[in-house]
Structure formats: C-alpha cells, structure tokens
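Please look at the sequence and the 3D model together, and keep both in view while reading the explanation.

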Amino acid sequence: MQTAATGMVLTASSSASAEKPKSNSKSLNGAPQGVWPGGLEKPLMPYTPAIKAAGWLFIAGQLASDFETGVAPQARSDSDSPAEHLSLQSRFVMSNVEKTVAAAGLDMGRDTARIWQWMASPNPTMDEFESGVNWPGIETNAHFSQRDKFLKSPGPSSTAMGVKALMVKDTLLEVDLICIDDGGQNVSFDATAQKPGSASSVRRGDWVLLSSETWARDTNGKSTEQQANEIFEHLNSLATAAGSSLSRAVKAEVYIGHPSEYPAMEIAWKRWFPDNPPARVVMPYMGMTGGRGRRVEVALTLLANDSTKIIETIYTDKAPKPFSHEPQAVKVGNLLFFSQQMPADSNGDLAPGMARHPNFPFYGLPAREQMRYMLKNVAAICEASGSSLENVIRRVCFHDHGENFAEAMDEWAAHFPNLKPVSTSIVLGGPLVVSGAHTLLDITAYVP
C-alpha cells in the first residue's frame, strides 16, 4: 500500500513535482499550500488531503476506508447494530481528520470553525422526498458521541445530513471541515456553546459561522416557505448576538428535500435577502437529521460588523447569470465563495450540448462535458475576481448518480495539473433542480 511520507509535507500551488518539500513556514501572502500528512492512506482519487490558504485550513472529505479493501479493518464489526458500525467508522474518521489537521500545525479541537457530516442512508426514499418526508432515520448520536471526543467547546458550527451514498461501499460517514489559523479561539453566544462538538453560532476573528442544526421550532404542518421564514428569523437573531447581521452574509448553504421545494424556499430567501444576496448553494435530497418534519435547513458564513474586510459581489458576462436569486460569487479578502455551479444556462435549463441526442443514446460523455462546461464558467468567474482556475482550493461535488462520478472527476482533475483542490463527493440518488444535470458543485477559491 502506498502512503505519503512520514511527517507533514506542504506543497505550494505552483509546484508540479511529485517530491513535495517539507516546510513549516507560512506563505507570505497566504497562498495555497497542500498538506500531506504522514502515516495515512493515500487517496485513490486526485485530490489533496488538506490545503492552507488565506489563514484557513480546508480538509477534504474523510471516509473510514483504507483505499485498498473498502472499509478499513479497524472500522469494521460483525455486529448487527447500525449504531456500532457508525460509531466505529466515526472514531476512525475523526482520528484521521485530527492527524491531518495536526500535520498543518493546528489543533482540531481548538481551531475547527465549521464541520460537515454526511451520513449514508437508504432513507428517505424518492417517494418520501416527493411527499415532503425528509427524515433519514440515522442514529446520529453514535457519531456525535465519538465526534465530541475530538472537539472542544465552543463550536464548531455544524451540519449533519443524510445522503444516498458515499464513494466507498459500506462507508456510512464522510466528514470535512474548515479550521481557521489565526492564533485565536472560537467564541460563541448561545447555550449550545457549553457542549463540545457543535454550536449554533461561532465567532472567529472577522468571521461568524452559523450552524444549520439550530432550529428547534415545531415543524408540524408548516410549509417549506413557512419553515424557511422562521429559520431566517432565527439565524438573524443568532447573527445579531454574535456581532453580525444577515446583511453581512457572504455564503449560504441551503438544504432541501425534493427539488420541487426550491421555489417555496426561494420566496422566503428573497424576502430576507431582497438585494445583494450572499453566494448560495442549494442541495436537494438532503435527509435532515435535526428532527422529523423538517423541510429546509440553512447554514451561513458572515463577516462581523466590526471587520474591515470588504464584501464584493463578482459578476462576468463570460459565465451565465444565475437562474435564481444569488450572485455568481462573493469575494472577501483573499477568499472567493461561489454560488452553485451546474451545467445550466441563465434560464435554469440544461445548457446546449450537455446531454446525449435522443437518436444517438450511446454516444457522448455528458458527465465529462458538463464538468468541462462548469469549469469554463468557474474560470471566468475566477478571472473576474482577479484570480484564476488554478486557485480553486475546495470543492464539494454532488452527483445525481454514482456512475457519473469517475467521468466527471477525470475531467475535473485534468484542469488542475499542480495543486489539486480538496474534495468531498456525495451521491444524491435523484435528478437535480436543473433537469438533465449530473453534477452540482460548491466551490471556494483563493484570490491573490
């Protein structure tokens, strides 16, 4: 089995050498540097385990796999208990994440500001999603009890979602996270801050991060629009308490059940963000672990009111205008937050040439063509911000079906010959909001 060399290895984005020089020094301008922790299994796919950039540390999605046999032996069990399987995999994943963060010179418990947990479940079914039932039936405490051993109070802000499948058979959990390298510590302003593992709101330097797991109102009988309205009201109060406001939001992650719930969510969104909305990614087919009856969840990244950083909306006519109410991207300092990328035109329809001709059903590679189209748009938006495609540092990739993964990933990797972005890949199991689209991208880039 091939593994990375023992010890931390940092690689600058301009280096194409397979031999990665060891270094503990920070780039003078916070330019992207890859982190390759020693002693951990090398990923099968072309991505970097972690990247430091602009004072942030981005960790790629971690699975309980040895990348040789499937689920790692130490994360397996003969038990019939789903909770035991999830607990073992959680311990394995969190331990590897901790080692990856340490290789970058940070402390996971102290420096993690944002964590995502993607848990595989056959539920809800497509019929349940269509009827508004988004409950995944996952025994999440089996993960949280392990996770909380690795994290400290307060924080981080957190999202935990049920998804249809992950990239390795029988894996139940994928975790990715963001740490902030500023020598400071998380500060929170809500009661959940006393519990290690998650907080409703986290203030870290210039940044305020709000969890998607913070809404506890009664959901019984409430529509998607009503729930979204109440969520934004709640998030606004959290932001205010943390020294920010919704007008300072720079990135939003919106989780819905069936894609048909998008328009109802959009009505509430426009009410709370009538002008200059933040960058936004809307993810369908999310199994909402926070409680039965949920139809929507939202997480926000904001700037504090007293931050001197400038929020800049990015636009270029070399990429399609978003088909719904969000900008192409938002730039803050050296970070560029993209809105959702799909192979769509400005009307929300699949772009021309992105599907097989019905009379030639076996010709073409649509997943590859769609990824190429999206990256052309990403490159144009990067250039409009003063950056370039090679400075993309993080992607989360949502696939309609797993068979489209390898084709899309192969095209993606070809655009990053040097430092490859950290990556998390999720299978949703159904058609996206844009009919015919195979992939949805959530992207962050560095701006020199």
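The paragraphs below go through a sheet, the helices beside it, and then some salt bridges.

This is a predicted model, in which local features need pLDDT of at least 70 and side-chain atom pairs count only at pLDDT 80 or more, whereas totals for chains, interfaces and linings use all residues. Residues are numbered from 1 along each chain as its sequence is written, and side-chain values use heavy atoms, with hydrogens and water left out.

In general, the strands of a sheet pair through backbone hydrogen bonds, either parallel or antiparallel. Here, helices (H or I, at least four residues) and strands (E, at least two) are DSSP runs numbered from the N terminus, and two strands pair if DSSP finds at least two bridges between them. An open sheet of six strands has the order β14-β15-β16-β19-β17-β18, and its pairing is mixed. Because β14 (311-314) and β18 (422-427) stand at the edges with a single partner strand each, one side of each is left without a neighbour in the sheet. Neighbouring strands of this sheet are turned by 15° against each other on average, direction ignored; axes are lines fitted to C-alpha atoms, for helices over the stretch in contact, and angles run from 0 to 180 degrees between N-to-C directions. Within the sheet, β15 (residues 329-332) and β16 (residues 335-338) pair in the antiparallel sense over four bridges, and Val-330 stands opposite Phe-337 in β16.

Helix α7 (residues 366-385) packs on the sheet, touching β14, β15, β16, β17 (392-399) and β19 (439-446), where contact means heavy atoms within 4.5 Å. The direction of α7 makes about 25° with that of β19. Helix α8 (residues 405-414) lies across β17, β18 and β19, and runs at about 160° to β17.

The structure also holds 21 salt bridges, each a side-chain nitrogen of Lys or Arg within 4 Å of a carboxyl oxygen of Asp or Glu. One of them joins Arg-114 and Glu-253, with the closest N and O atoms 2.7 Å apart, and this pair links distant parts of the chain, with Arg-114 in β5 (residues 112-120) and Glu-253 in β10 (residues 249-256), 139 residues apart. Arg-114 counts as buried because its relative accessibility is 2%, and buried means under 20% relative accessible area (exposed is over 50%, partly exposed in between; 1.4 Å probe, protein chains only). Glu-253, at 4% relative accessibility, counts as buried too.
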